[in-house]
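Welcome! Here is a short tour for anyone opening this structure for the first time. Have a look around, then read on.

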Amino acid sequence: MALLQLSEPGQSAAPHEHRLAVGIDLGTTNSLVATVRSGISVVLSDELGRPLLPSVVHYAAEGVVDVGYEAQARQSIDPRNTVVSVKRFMGRGRADIAHIESMPYDFEDSPGMVKLRTAQGVKSPVEISADILKNLRTRAEAALGGQLTGAVITVPAYFDDAQRQATKDAARLAGINVLRLLNEPTAAAIAYGLDNGAEGIYAVYDLGGGTFDISILKLSKGVFQVLATGGDSALGGDDFDHRVFCWVIEQAKLSPVSPHDARLLQTRAREAKEHLTQHGEAPITAKLSTGEFVDLTLTSEIFNEISKTLVQKTLGPTRKALRDAGLSPADVKGVVMVGGATRMPQIQKAVGEYFGQEPLNNLDPDKVVALGAAIQANLLAGNRAAGDDWLLLDVIPLSLGIETMGGLTEKIIPRNSTIPVARAQEFTTFKDGQAAMALHVVQGERELVSDCRSLARFELRGIPPMVAGAARIRVTFQVDADGLLSVTAREQTTGHEARIEVKPSYGLTDDEVAAMLKDGFSHASDDAFRRALREAQVEAQRLIEAVQSALKEDAQLLSTLERAHVDACLGKLQAVMMGDNRRAIDDAMDNLNKATAEFAARRMNQSVQRALAGKKVSELES
Amino acid sequence: MAVTLTESAAKHVSNFIAKRGKGIGIRLGVKTSGCSGMAYKLEFADVAEPEDVVFDTHGLKVLVDPRSLPYIDGTELDYAKEGLNEGFKFNNPNIKDQCGCGESFTV
């Protein structure tokens, strides 16, 4: 019996055509999935009523993949195969990752996106994220009683194209149709904006586990416009844990600790941080594998002191975003707090002081992003109510441009342009008779290409010979609603064109994704294998029977030695035939075919001779 | 006969209407589609049509258009939880047969 939800007037779905859409907050520390039920956005909890899914994946040697709390429980036992905060690795190379030296993982030394060696082989951050997404998808399908139409997945506003592409790849791998990627602060604004119906300029201060985002939004007449974004993609609650962790190491005068102990102390550090939200001091006790005891007390004063620079670090991008929007703190009507780390009293205080007002907290800061994403997903899936025709405008987080002579960046689409957007600019040749032009697409705010992130390279060929500076090459940048880029270069006199969908350097190629999808269909490949084996077995059986009947009829055509060889090959084929080694069967068939080739030729000659015996040549010619 | 809500269903409906911020009640009905002929309609109601039959149950208005009424008269709308899933359920005395999914039925 299907359970029905209340629809908007005139929007009742036809049977079996419910458009089940969810919003997914794929977070650094925790992930959530939410949906709109009878007009209200709700977070979907697991069987035990827990709304959060820790973004932790454990790869056990025996082939089991645990996600969430089960994986978290393995953290201190098996840190090397327990991946936490994988979002920090999305679309990132080794050099991009902070504190890589204190991580307990076995990184593979390869170019491009980092990969981790686990008990189940090398895993890319995309595959690990896909395991988290699969878990959420299963939860959502159980809760909604059907297959998902699609999902809106949130990403930090600061994510560059490589990181966005990696997130999309992960969703694809998890079998989720991505309706849209949505910036997390925009999702939070949707959750707040619709629920409260408030108009004006709002700041969204999002301090999650691993990322900090500040966004300046304008809400008016149901239209959301992102005026500016800023932040730091490597700053979050984890860094506060790390500060406490370092403080513990220093206070307890510990020499370098094992991965196991590091994990234990990091957990204790996080617990102490959370305890300080409600209390003035927190005990930190641990027994290390070396037999050493840690017994310390962290007070709010000490915590404030050691984390002061981190708190300050969030205010820099906040000032910059306001400046980008041409506003001052006094213009901001409200500050939306997002992310569990904003529960820290020193954060509340610093943000309150900067904006001169109490920040808004009436929605759960852990859930607000998922709730907003669910609302957006519900609309994109087509379940929209009359009057819900509001438009969502998003912006480019970082400028997009190309490299020009001398390694300089020429910006084509400036940051904070609203998307979708297309911009074009003309370039020319540098040398007489130059027939080709290399285009290097970069993203970033810096003037030197070497300081920006390289997204893609391609070439435009077939430029007719001209003096330097005479050719006109029009380069068009186009960004779709997901924030993904395509670049076209066109030589204006001949119409020669070259084009690239930005495959960010760290993203996966279609082939790689296809290969992974194929891996996922392990049953299908098992079936294909079985089919091929079966075919080989049938073929072998046919060959054995043919040889046996020939031996019965014409055994005299073979010498004893030849007969022994044929028998040996026959025996070998019979021996391997019922096994599951297809190659062995093929090889044995080959050998038997070769061994009997001469025998077959003699039999052919014999039957020809028999047919011709006693006949005159003239009879044959007629 | 009448169309009624269980207490649990009424509580959820009131809650949904309150959160939605508008609505005079809910509208129940049927439309002809689905694998067994008829499908239920369950919607928020913003306006009452002149021909609507109105039932008051637990202080809520349930609107039914007269063409639908014969098919669902006597129905009690319940709110149920099944595993992780939850939602409304039609307990309709008129149905002879329904498809496995319960979303459509014949009378």
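A residue is called buried when its relative accessible area is under 20%, exposed when that area is over 50%, and partly exposed in between. By that rule, the buried residues of α7(A) are S300(A), F303(A), S307(A), L310(A), V311(A), T314(A), L315(A), P317(A), T318(A), A321(A) and L322(A). Please keep in mind that this is a predicted model.

**Helix α7 of chain A**

- Helix α7 covers residues 300-324 of chain A, which makes 25 residues.
- At 1.5 Å a residue this helix should span 36 Å, and its end C-alpha atoms are 34 Å apart, so the two values agree.
- Where does α7(A) have its kink? The kink is centred on S307(A) and amounts to about 55°; S307(A) is also one of the buried residues of the helix.
- Just after α7(A) comes G326(A), with a positive phi of about 70°.
- As a general point, an α-helix has 3.6 residues a turn, so residues three or four places apart point the same way.

**A hairpin in chain A**

- Strand β16 takes in residues 281-287 of chain A, and strand β17 takes in residues 293-299.
- These two strands run antiparallel and are joined by seven bridges.
- Across the pair, T285(A) has D295(A) of β17(A) as its opposite residue.
- Which residues of β16(A) lie on its covered face, and which on its uncovered face? A282(A), I284(A) and A286(A) form the covered face, while E281(A), P283(A), T285(A) and K287(A) form the uncovered one.
- In general, the side chains of a regular strand alternate between the two faces of the sheet.
- Five residues lie between the strands of this hairpin, and G291(A) in the hairpin takes a positive phi near 95°.

**Salt bridges**

- How many salt bridges does the structure hold over all chains? The count is 33.
- In helix α2 (residues 125-144) of chain A, R137(A) and E141(A) are four residues apart, or about one turn of the helix.
- The side chains of R137(A) and E141(A) meet in a salt bridge, at 3.5 Å from N to O.
- R137(A) has 23% relative accessibility and therefore counts as partly exposed.
- D567(A) and R563(A) form a salt bridge whose closest N and O atoms are 3.2 Å apart.
- Both partners are partly exposed, D567(A) with a relative accessible area of 34% and R563(A) with 29%.
- Elsewhere, D106(A), E108(A) and R117(A) are joined into one network by salt bridges that share partners.
- D241(A) and K273(A) also meet in a salt bridge, at 3.0 Å from N to O.
- That pair links distant parts of the chain, 32 residues apart: D241(A) sits in helix α5 (residues 237-251) and K273(A) in helix α6 (residues 259-275) of chain A.
- Are D241(A) and K273(A) buried or exposed? D241(A) and K273(A) are both buried.

**A surface patch and a buried strand residue**

- M604(A), V608(A) and L612(A) make a nonpolar surface patch of about 270 Å².
- V608(A) belongs to helix α14 (residues 597-612) of chain A, and its 40% relative accessibility means that it counts as partly exposed.
- E491(A) lies in strand β27 (residues 485-491) of chain A and is buried, with a relative accessible area of 0%.
- From C-alpha to C-alpha, E491(A) and V475(A) are 8.9 Å apart in space, and they are 16 residues apart in sequence.

**Chain B**

- Chain B has two helices and nine strands, which run β-α-β-β-β-β-α-β-β-β-β from the N terminus on.
- Of the 107 residues in chain B, 48% are buried.
- Three of its strands form an open sheet with mixed pairing, in the order β1-β6-β7.
- The edge strands are β1 (4-5) and β7 (85-91) of chain B, each pairing on one side only.
- β1(B) pairs with strand β6 (residues 76-82) of chain B in the parallel sense, over two bridges, and L5(B) stands opposite L77(B) in β6(B).

Key. Residues are numbered from 1 along each chain as its sequence is written. Chains are lettered from A and ligands numbered from 1 in the order in which they are written. This is a predicted model: local features need pLDDT of at least 70, side-chain atom pairs count only at pLDDT 80 or more; totals for chains, interfaces and linings use all residues. Side-chain values use heavy atoms; hydrogens and water are left out. Patches are made of residues with over 30% relative accessible area and no salt bridge: like charges are joined within 9 Å, nonpolar side chains (Val, Leu, Ile, Met, Phe, Trp, Tyr) within 5 Å. Accessible areas come from the Shrake-Rupley method with a 1.4 Å probe; for residues, only the protein chains shown count as cover. A salt bridge is a side-chain nitrogen of Lys or Arg within 4 Å of a carboxyl oxygen of Asp or Glu. Buried means under 20% relative accessible area, exposed over 50%, partly exposed in between (1.4 Å probe, protein chains only). The expected span of a helix is 1.5 Å times one less than its number of residues. The bend at a residue is the angle between axes fitted to the seven residues ending there and the seven starting there. Two strands pair if DSSP finds at least two bridges between them.
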